[in-house]
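Dear colleague,

Please find below the structure I am handing over to you. My notes on it follow the display.

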Amino acid sequence: MVPILIVLVWSFGFSSTKPSSAGAGAGAGGGAELCSRGIGRRQISLKLGESMPSVDEDNVSTTLNWRGRLRKPNKHGGMRAAAFVLGLQAFEIMAIAAVGNNLITYVINEMHFSLSKSANIVTNFIGTIFLLSLLGGFLSDSYLGSFWTMLIFGFVELSGFILLSVQAHLPQLKPPQCNMLKEDCTEAQGFKALIFFVALYLVALGSGCVKPNIISHGADQFKKEDPKSSKKLSTYFNAAYFAFSVGELIALTVLVWVQTRSGMDVGFGVSAAAMAMGLISLISGTLLYWNKPPRGSIFTPVAQVFVAAFVKRKQVSTTNAEILHGNQNNANRTTSSNVYRLFHTDKFRFLDKACIKEQNGANLKESPWRLCTVTQVEQVKIILSVIPIFACTIIFNTILAQLQTFSVQQGSAMDNRLTNNFKIPPASLQSIPYIFLIFVVPLYETVFVPFARKITGKESGITPLQRIGVGLFVATFSMVAAALVENKRRISAVDSNKILSIFWIAPQFLIFGLSEMLTAVGMIEFFYKQSLDGMQSFLTAMTYCSYSFGFYLSSLLVSLVNKITSTSSGGGWLSENDLNKDRLDLFYWLLAALSIINFLNYLFWSNWFTYNPNLSPNTIISTLNSSHGDDLESLSSSKHIGADNVIP
């Protein structure tokens, strides 16, 4: 597939681009440097009276081609560039899903850890992947850029897959073979355990830093200020989930089947090969990408707001927003920092003190740690505002953790024969929702979105918050179905000595798949659109961080439930290695109750949340139209924040 894509790219005859020669009108300070952005050893420098892209096309977001030169919209970016990023999305999820979704089987059968400990190892591993996405987002926005972050940590992930394959292949790196159900087996310890965890967390480090940048780098190929391109951005998010579904489907069918038939060593090797293909796909699109350069530490301007607000905590809050430093309610303009100045909002008014100038009569410039712009403060307000939405998705991901751990073991205790000669690997049950979603996602994009768009007027049909809410509500029924089926399976096995077909647990996977399509894509679109240039990878990483907290919460719940439900005569609900002795059904009912409570909590916070009006595409377009002929003298570099600068 990748060689075909390369041929198609070259058939378009893409050539390196040169800076635009269109001159810009000179304003005051015509020789002053407007912006300076470095990528590798190349640096772009624009001056008034020299090469300046037109305001309506290139002045809104600084994106450069692979040579470090200004982009050309007709030759770079768009869906054709994003397609190579989607290739990495499909191959990377294929590699990591094949490992993560069947890892519990390997940990129990090969490493000989107990069921509850194995479940915690898996959930901690997956949780760490998503927690490390914050590191990937920070490095991308601050220092490396999304492309180089993906490339570097993609090879780190690849090395982890290779090491896992080597350990699974060599008997001297594993405990002696043993049947966990019939014997008292010795779990992996010492050097053998060290090799396993080093390999596992190399994969976690690489995958965690790659994931948020796949989404943000692909989305960066579309211009939010262009209404047509902005509409394609919503399509891209659905396409990204479609690529995710294809990768998951192949992982949970073909790759898991390879692991079952040929051994985990071969399975891990195939994951390594898939990751290598993903990196080839990423590199193949190098000539087409729009690359947003890093802007220095993204935490510095955020910290400045809190420090300035604390220093001026005794200042009297003003009711007149017009006197706040850098307020743009009346004259909203773009800058060469290529961001939009945000409107002032009334939430978190205590932070507004960071924008109040000290009236000391000296008219001296204040330190950026004592005086911030409205845009700086509003970006911090946005971050604080999305935290409750973020928190409401944690329970959702705790439910996801069960489908990758206990539900797999649930399937292992059921009849998995499709025919007399073919058995379905329990981990492959997770492919059921993705088979369904392969058809549902295109229908959602081509049928539901246009229909809903006519009714609501929203580009994506329904708002990201509405999409998340529906998904959270649907997720509850996944755990209800799981509890009912597990109760029936246990009664049949204990009382009647009958084994139910493995397809009985298909509904819980199917329902959650629909829920995940709504919630996951809604989260990514919501967080990406709420961020300004320079923080998009980091805020997108918050989506994955929710997965992390969900999986960690799963581990905590398992331990708490076992401790609370244990008695002097026996263990807790999940303390045995035999599901016929455990009460997994009651644990599922607990999660269903937590899910419905979480949904009600989400309704409150989603109603409380308000969008900053200047982040909407309509506002962006009107801003461009109104400022097209404005003087450009106010443009200045914002990589290093000063009292009179607007943060990126």
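**Findings on the predicted model**

The side chains of Ser-546 and Asn-397 form a polar contact at 2.8 Å. This is a predicted model, and the contact should be read as such.

Ser-546 belongs to helix H17, which covers residues 536–565. Its relative accessibility is 0%; since buried means under 20%, Ser-546 is classed as buried. Beyond four places in sequence, Ser-546 touches Asn-397 together with Phe-390, Thr-393, Ile-394 and Met-523.

Helix H16 comprises residues 506–529.

As to confidence, the protein chain has an average pLDDT of 75, and 75% of the residues score at least 70. Two segments call for caution. Over residues 329–339 the pLDDT stays under 50, and the model has 46 contacts beyond four places in sequence for this segment. The pLDDT also stays under 50 over residues 617–648, for which the model has 88 such contacts beyond four places in sequence. Where pLDDT is low, the predicted coordinates should not be read in detail.

With kind regards

How values were computed:
Residues are numbered from 1 along each chain as its sequence is written. This is a predicted model: local features need pLDDT of at least 70, side-chain atom pairs count only at pLDDT 80 or more; totals for chains, interfaces and linings use all residues. Side-chain values use heavy atoms; hydrogens and water are left out. Helices (H or I, at least four residues) and strands (E, at least two) are DSSP runs, numbered from the N terminus. The expected span of a helix is 1.5 Å times one less than its number of residues. pLDDT is the predictor's confidence in each residue, from 0 to 100. Contact means heavy atoms within 4.5 Å. Buried means under 20% relative accessible area, exposed over 50%, partly exposed in between (1.4 Å probe, protein chains only). A polar contact is a pair of N or O atoms within 3.5 Å; within protein, one must be able to donate a hydrogen and the other to accept it, and residues adjacent in sequence count only if both atoms are side-chain atoms.
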